[in-house]
Amino acid sequence: MIGGTVYADAKPLFRGAQPAWSPDGSLIAFARDGQVWTANWDGSGQRPIAKGNEPAWRRNGRLTYVADGQIVAAGTTLTRGENPSWSRDGRLAYDVDGSIVIGSHTLTTGTDPAWSPDATAVAFVRDGELWAIGANGTAEAQLTTSHGDVHDVAWTPDRKSILFVSGGVIQTFDVAGGAIGDLAKGESPDDKTVPTAHDLLPDLDQDAPANVYVIGQGKHRLLAFRSAVANVGQGPLMIDGTRRRGQPIMTATQVVRRSDGTTRRIPTTGWLKYDVSPTHSHWHFHPFERYEVWREHGKHMLAHDHKQGFCFGDRHPMRGAGPPVFAAGDCGLYKPWLRSVSEGSSVRYVDIYPPAFHGQWIDLGGIKDGRYVLVHRANPAFALRERSYTNDVASVLISLRGSSVRILKSCAGSASC
């Protein structure tokens, strides 16, 4: 990091600090404006995760960070402390009240601990100098003597060197010989060998709501609309769902194609459920879409949809699309007994759902006539890995009068219209 910009080698990626590579090299976590963010390996796909700083990855790819002096993982507080560092075998080192702690055991005095790649030693800072100690508390040694401002400690993947920052310069300490050298100007180093092959991620592009009209249902008004989401990314969106016997919900895994022709599997926070409707019954991925009504210039949502699941398929090709790969509307159609299902959307294909079709509406009960913003959000919970999240939302400004509705303005890429 140099001057508030995160670099990968000599390439500036984005504004931020405290970068940390994920174990598989596909993501970078970083801090910006009091929040922890993640981005893809090349700087694309930036999105905020939570309030906090000092991000650190577990070996299993789970992200932890520090918020208000507490080390947090997935919204759950693990312990009081700062500067978390995870070993390859899942042990947490951190500092609290001037001591280095592993788990619940105080190892030594110091701050800013960093596990060695083989989990046998911890480098740390004491009195502004670089130190190291064995993970069992033996062989403690002072490695530098005349810096006085050492911070941001990290190991190289081969364990041959320890990186640290002093005087705004990233320096290296040779573990075998003890030599110290300057590496580059900067802060917060994280040395990782990024795989030569990279993910070809999908990119979900949410179209602005269209064909908006009002349906009467008893004393309620239903706002119906068309929704369309296109994959404009580098690779297909592919989902594999599996479940054990007796479980009603399938666990969803995203399958990502890579630049070397291989694929890799990414766990998601989404799921597949067999949804039953008069028009079609099959396995839907949840959550995929979110529909909302907001008051114009309002700060609070007034109403939202009751449908978030979708069946992915190659339905409507865009210009330049290849032959369809994923059967449109399959998704285990009329097969509630399935234990596994695969579905997806190829690059340059659009998934369109017409108005009032299987939940394509919002109940306007209690909402008076006036001007409102109708918002459509794809991938609202960031359950799916994408190349970009900036085009996941679109909206329209509407005028609602009794049983009529008129679109006043259409706003792609924005929830404010």
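Trainee: Which hand does the link of cysteine 311 and cysteine 331 have?
Mentor: That link is right-handed, with 80° about the S-S bond. Keep in mind that this is a predicted model, where local features need pLDDT of at least 70, side-chain atom pairs count only at pLDDT 80 or more, and totals for chains, interfaces and linings use all residues. Residues are numbered from 1 along each chain as its sequence is written, and side-chain values use heavy atoms, with hydrogens and water left out.

Trainee: How far apart are the sulfur atoms of that disulfide?
Mentor: The sulfur atoms of cysteine 311 and cysteine 331 are 1.9 Å apart; a disulfide is a pair of cysteine sulfur atoms within 2.5 Å.

Trainee: And what does the pair tie together?
Mentor: Cysteine 311 is in the loop between strands E32 (301-304) and E33 (316-317), and cysteine 331 is in the loop between E33 and strand E34 (340-345), so the pair ties together parts that are 20 residues apart in sequence. Strands (E, at least two residues) are DSSP runs, numbered from the N terminus.

Trainee: How many disulfides in the whole structure?
Mentor: The search finds 2. Cysteine 411 and cysteine 417 form a disulfide too, with sulfur atoms 2.1 Å apart.

Trainee: Is cysteine 417 buried or exposed?
Mentor: Buried, at a relative accessible area of 14%; the cut-offs are under 20% for buried, over 50% for exposed and partly exposed in between (1.4 Å probe, protein chains only).

Notes:
Helices (H or I, at least four residues) and strands (E, at least two) are DSSP runs, numbered from the N terminus.
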